[in-house]
Each structure stands twice: as structure tokens, then as C-alpha cells.
Amino acid sequence: MFQPIAIPFECVMLFNVIKLKPGIDFDDVEMALAETCSVVKENYSSKGFVAGQVFKYSGFISDEGSLGDYGNEEEHVAILTYWRGFEEHERSHADAKFKEKFAALLELCTDAKELGYELGDNALMEL
């Protein structure tokens, strides 16, 4: 299930933050997330989907890496997906199977924002 991923340079990344309703935690949304991710992996791997990752918010806020005010960040999940392009991503989300599973996930949430990013020409860091 978990394995290393390779992200081609020309891919785009979608960053989705889903804030959970009060009283809902990661365990409550885990199955809905799995079903949503499964639809994407099974139906779009040959249609632009490269890879995805789901992260549970740990509660950590970096004092050294943060600027400005921040408050209670509430329980949330971050979903990162990598695609060949934004058009492929949008087609996947217009699919009826995906909409059904994603709607079930959103029933557990108060807010969801999905932002798209491109890798800058000088953004590569060597680790």
C-alpha cells in the first residue's frame, strides 16, 4: 500500500486542506478518504494522475518557520495529489464516481480548499 513515489518534474501539485467538523477526527474520515483516493487511483492512473499523499494534522506549528498571527488551526487533513496537468485533475473531479465519494467525505467537514501549484524553474533543492 505504501511505497516510494517518483514525481516527474513537469507535474502539477494540488494541495487540499479539509477542515473537520467539531468532534470528528482522522479516524472518522479515514474510510471516506480511502474510498475517494481509491476511485482516483483506479480510474485516473492512466489519465493524468501520478500519485497522492494524505497527511493528518499533528498540531505542530513551527515557531521558526511561521510569520504573523495564527490561532487554533482546528482538526484538518492535507491531501496532496500530483497530476500531469490541471485539466486532467478537473476532469477526474467532474466524474460521477468521484463526486459521490467526495460528497461523503465533505459531510464530515466544515471547509475544503484545493489549491494548484506548479514547480518553479529554480525551485529544486538538493537534499
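**Exercise 1. Determine what share of the contacts in the protein chain with a separation of 6 or more comes from residues 24 or more positions apart.**

Solution. A contact is defined by heavy atoms within 4.5 Å. Of the contacts with a separation of 6 or more, 84% join residues 24 or more positions apart. The model is predicted: local features need pLDDT of at least 70 and side-chain atom pairs pLDDT 80 or more, while totals for chains, interfaces and linings use all residues. Residues are numbered from 1 along each chain as its sequence is written, and side-chain values use heavy atoms, without hydrogens and water.

**Exercise 2. State the secondary structure elements of the protein chain and their order.**

Solution. Elements are DSSP runs numbered from the N terminus: helices are H or I with at least four residues, strands E with at least two. The protein chain has three helices and four strands. Read from the N terminus, the order is β-α-β-β-α-α-β.

**Exercise 3. Locate Thr36 and decide whether Thr36 is buried or exposed.**

Solution. First, Thr36 belongs to helix 1, which covers residues 26–44. Next, buried means under 20% relative accessible area, exposed over 50%, and partly exposed in between, with a 1.4 Å probe and protein chains only. Because its relative accessible area is 7%, Thr36 is buried. Finally, with neighbours within four places in sequence set aside, Thr36 contacts Phe98, Lys101, Phe102 and Leu105.
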